[in-house]
Amino acid sequence: MIWGIFKRDMCHATRNVIAVIVSMGLVVVPALYAWFNIAASWDPYGNTKALKVAVANNDKGYKSDLIPVRVNVGETIISTLHANDQLDWQFVKSDKAIDGVKSGEYYAAIVIPKGFSADMMTLFSPDIKHAQLKYYLNEKINPIAPHITDQGATTVVNTIDKTFAKTIAQVGLDLASSILHYSQSPQMAEYMRNLNGNLTTTADTLSGASQQVTSYSQLLGSANDIVDSTGKLLASATKAGKQAQNALKQGKSGATSLTSAGANVTSSVNTALDQVSGAFDQVAAKVNKAFDAIGKDSDTAASQLATLSEQISSGESLYDTYITSLNHMRESVEQLPDSDSAKQALLEAIDREITLLEAAKGDSQKLAQQLKDASTQVTQDTAAAERSRKEILNRITSAKQSISNVRDDYATNVKPKIDALASTVSTLISQTDSMITQLSGTADGLDDVTGDVGTNVTSIRSTLGAIAKKLDSSAATVKELITKLETGGNAGDGNSDGGNGGNDASSSDSGESDELRALATANASTLSTLISAPVALHRVSVYPIANYGSAMAPFYTILSIWVGAIILCAMLKVTISDREKAHVLGLGDTLPRIAGPSGPGNASRWGLRLDHEYFGRYAIFALLALLQGTLVCLGDMYFLGVQANHALQFLAVGWLAALVFSNIVYTLTVSFGDIGKAVAVVLLVMQVAGSGGTFPIETLPKFFQMLYPFLPFPHAIDAMHAAMAGSYGNEYLLDMVYLALFLIPSLLLGLVLRKPVIRLNNWVSRNLESTKVM
């Protein structure tokens with residue numbers, strides 16, 4: 001019965017030219033669908049040369065005071081891109097580049113700012129800045145183009161980084177190599193010999209000078225004994241004069257220190273207060289800059305605020321220093337007689353100044369704490385951060401006002417009193433000097449002859465002894481230097497001096513010299529390249545795929561086979577008419593009336609069962625589906641050149657997929673009519689999205705990840721990948737078995753579960769036809 005149905009279907013399909021053409025079209029159309037998509041995806045990233053990316057150079061260059069050579073990194077980038085064919089680089093002005101991105105003329109644009117070179121050269125300054133390229137991107141033109149142009153921009157940045165690092169490293173290595181070569185030259189050896197001779201002479205001279213100084217010291221010691229004897233005779237005569245003189249000297253010393261302290265504190269406090277007031281203006285500017293960065297780079301803003309807090313905290317020691325200075329001045333003032341009218345007023349002014357400084361110190365401490373708290377808030381709450389900004393700025397204003405109060409009080413109350421006191425002290429000093437001079441005249445007549453001479457001799461002897469020690473130490477240092485230079489010279493000569501033996505120091509220096517010599521003989525360009533890019537990526541392909549087209553071939557091939565199955569059910573009838581049943585049974589052109597209404601299974605009493613109808617009509621579907629699978633697979637391999645390490649396995653996947661897919665779509669159509677065709681299309685859409693043929697299944701939504709194992713597409717695609725590039729263990733066979741298992745529910749539906757829904761399906765079909773639209 002099955003063979004009879006299939007034979008009549010083949011006769012009808014080949015009865016005329018139109019039928020043959022349509023049959024051929026049913027086989028060819030799915031293959032064309034796959035081939036067009038595979039060909040279009042063959043090498044998309046190899047054809048990026050036509051993607052237009054604008055480049056605008058606004059770099060003004062950089063010229064330092066130390067090296068009078070202008071550096072323009074922007075021009076170097078332009079020169080490099082002229083030789084780069086990765087993308088279609090368009091060199092235009094910045095305005096045109098940005099407008100071109102907006103209009104869609106360019107996919108992206110790279111703008112090199114004016115200070116690009118200057119920012120890169122900050123590597124050699126304390127204030128380092130990151131050089132930034134401005135990258136404009138039109139993301140609405142094409143979904144893939146942004147990723148390609150991003151890669152191009154990243155390549156530009158990486159090239160700049162590597163070139164910059166390589167240049168710096170190469171300059172340093174060339175300089176080190178030149179110095180090392182010069183150190184091994186004959187001229188350098190001659191210089192070293194002359195240096196050793198001069199150093200030896202210097203060491204001998206220092207040793208001789210030390211001996212002479214020691215002799216002078218001993219001679220003065222003998223003279224000092226005579227002076228001491230004479231001084232004892234005059235001691236009693238000068239005792240009273242000495243006591244008076246010492247008392248006046250102490251008074252003069254105290255007055256002088258007071259005047260000096262007042263002058264020093266006046267100068268240092270004024271200077272410090274001006275610096276602190278100016279520093280708070282800088283802090284306010286940095287605080288605004290840090291808070292402006294919130295939202296763009298909160299971590300950087302937090303770091304800047306924390307740094308400002310530390311700087312303010314570290315400045316608190318300045319207040320302590322100046323408070324200490326005022327306390328010292330206060331102690332000096334307290335030594336004045338109580339009868340001095342200026343003493344008490346000056347003490348009160350100093351105390352008030354200390355109180356104001358302590359208040360200013362407290363404001364600074366509170367400001368530092370608020371900055372520290374704000375550094376932890378900027379990454380959590382933007383509104384709280386803005387409130388912190390206002391509070392910090394108010395605190396800065398308060399701190400500045402405290403400083404102003406200190407400065408004004410100092411200028412109004414403290415400084416005039418210090419100046420008045422300094423005038424009084426100056427008069428006292430003058431009078432003290434006059435009295436000391438008068439007494440000195442008397443004392444000099446008694447003990448200057450012996451006392452000063454004895455003191456001077458003792459001082460001179462002490463100085464000469466220290467000089468002698470310094471001379472001996474210098475001579476020893478020079479001799480040690482001579483020894484090191486001789487050792488270094490021997491090490492540099494290698495083994496040429498056989499008589500020296502081989503000590504540890506020589507071996508060590510020789511090893512270091514060998515390393516330096518290796519550095520000098522190495523290629524500076526190679527070493528600088530290694531320093532600029534120390535890590536290289538060695539790519540090892542496991543189960544390599546020849547190209548992107550081959551990688552996408554399984555997805556589009558399997559997809560086209562399913563599309564082919566839908567086309568077959570759309571173009572061919574899945575039910576058998578009563579006339580065909582009668583001819584197969586040999587009953588003429590019609591079934592007897594006893595068969596009842598036309599429909600599946602109405603000829604079963606004459607031996608044509610429901611399963612006969614199912615497989616009989618499915619036979620032509622299976623034949624055409626196998627032809628579709630064969631054509632698309634052969635075309636993949638021998639027309640497009642898709643990689644297939646195991647051609648027969650590749651074909652086997654196409655055949656099995658054709659049978660499974662055609663059976664599923666055929667069963668759905670036979671069981672549910674046009675609704676079954678709609679279900680087949682829905683399954684197609686779900687499998688396109690959830691098969692993992694384009695994006696990894698792990699990147700898809702959770703729904704598709706759960707549905708993935710229960711779809712036929714993934715197993716067919718995996719089996720085809722294994723046939724193309726190689727199988728891990730039984731991977732290929734398992735995927736083929738999983739794919740074949742989908743025939744079980746399909747046949748179960750077509751042969752068993754279909755019977756209860758035949759009447760329901762007929763009723764739905766009649767109602768749809770009654771609409772005259774569906």
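This is a predicted model: local features need pLDDT of at least 70, side-chain atom pairs count only at pLDDT 80 or more; totals for chains, interfaces and linings use all residues.
Trainee: Why does Pro-756 count as exposed?

Mentor: The label exposed needs a relative accessible area over 50%. Pro-756 has 63% relative accessibility, so it counts as exposed.

Trainee: How far apart are Pro-756 and Ser-671, in sequence and in space?

Mentor: In sequence they are 85 residues apart; in space, 9.9 Å lie between their C-alpha atoms.

Trainee: Now to H20. How do you know that H20 is largely enclosed by the rest of the structure?

Mentor: Buried means under 20% relative accessible area. In H20, 12 of the 14 residues are buried, so the helix is largely enclosed by the rest of the structure. Among the buried ones are Phe-713, His-715, Ile-717, Met-720 and Met-724.

Trainee: What do the buried residues of H20 pack against?

Mentor: They pack against H14, H16, H17, H18 and helix H21 (731-741).

Trainee: What span is expected for H20, and what does it reach?

Mentor: The expected span is 1.5 Å times one less than the number of residues. H20 covers residues 712-725, which is 14 residues, and 20 Å is expected. From its first C-alpha to its last it reaches 21 Å, close to that value.

Trainee: What comes just after H20?

Mentor: Gly-726, with a positive phi of about 120 degrees.

Trainee: Next, the largest pocket. What is its volume, and which residues lie nearest its centre?

Mentor: Its volume is about 1200 Å³. The lining has 47 residues, and Lys-573, Val-574, Thr-575, Ile-576 and Arg-617 lie nearest the centre.

Trainee: What makes a residue part of the lining?

Mentor: An atom within 4 Å of a point of the pocket. Elements that give two or more residues to the lining include helix H1 (2-13), helix H2 (17-40) and helix H16 (610-640). H23 gives the most, with 8 residues.

Trainee: How does the lining divide by class?

Mentor: It has 23 nonpolar, 12 polar and 12 charged residues. Asp, Glu, Lys and Arg count as charged, so Lys-573 and Arg-617 of the lining fall in the charged class.

Trainee: And the whole chain: how many helices and strands are there, and how much is buried?

Mentor: The protein chain has 23 helices and 4 strands. Of its 774 residues, 36% count as buried. The accessible surface comes to about 43600 Å², and 59% of that belongs to carbon and sulfur atoms.

Key. Residues are numbered from 1 along each chain as its sequence is written. Side-chain values use heavy atoms; hydrogens and water are left out. Buried means under 20% relative accessible area, exposed over 50%, partly exposed in between (1.4 Å probe, protein chains only). Accessible areas come from the Shrake-Rupley method with a 1.4 Å probe; for residues, only the protein chains shown count as cover. On a 1 Å grid over the protein atoms alone, a cavity is a set of points where a 1.4 Å probe fits but cannot get out, and a pocket is an open set with protein on both sides within 12 Å along at least five of seven lines; lining residues have an atom within 4 Å of a point. Grid points are joined across faces, edges and corners, and a volume is the space filled by probe spheres set on the points. Contact means heavy atoms within 4.5 Å.
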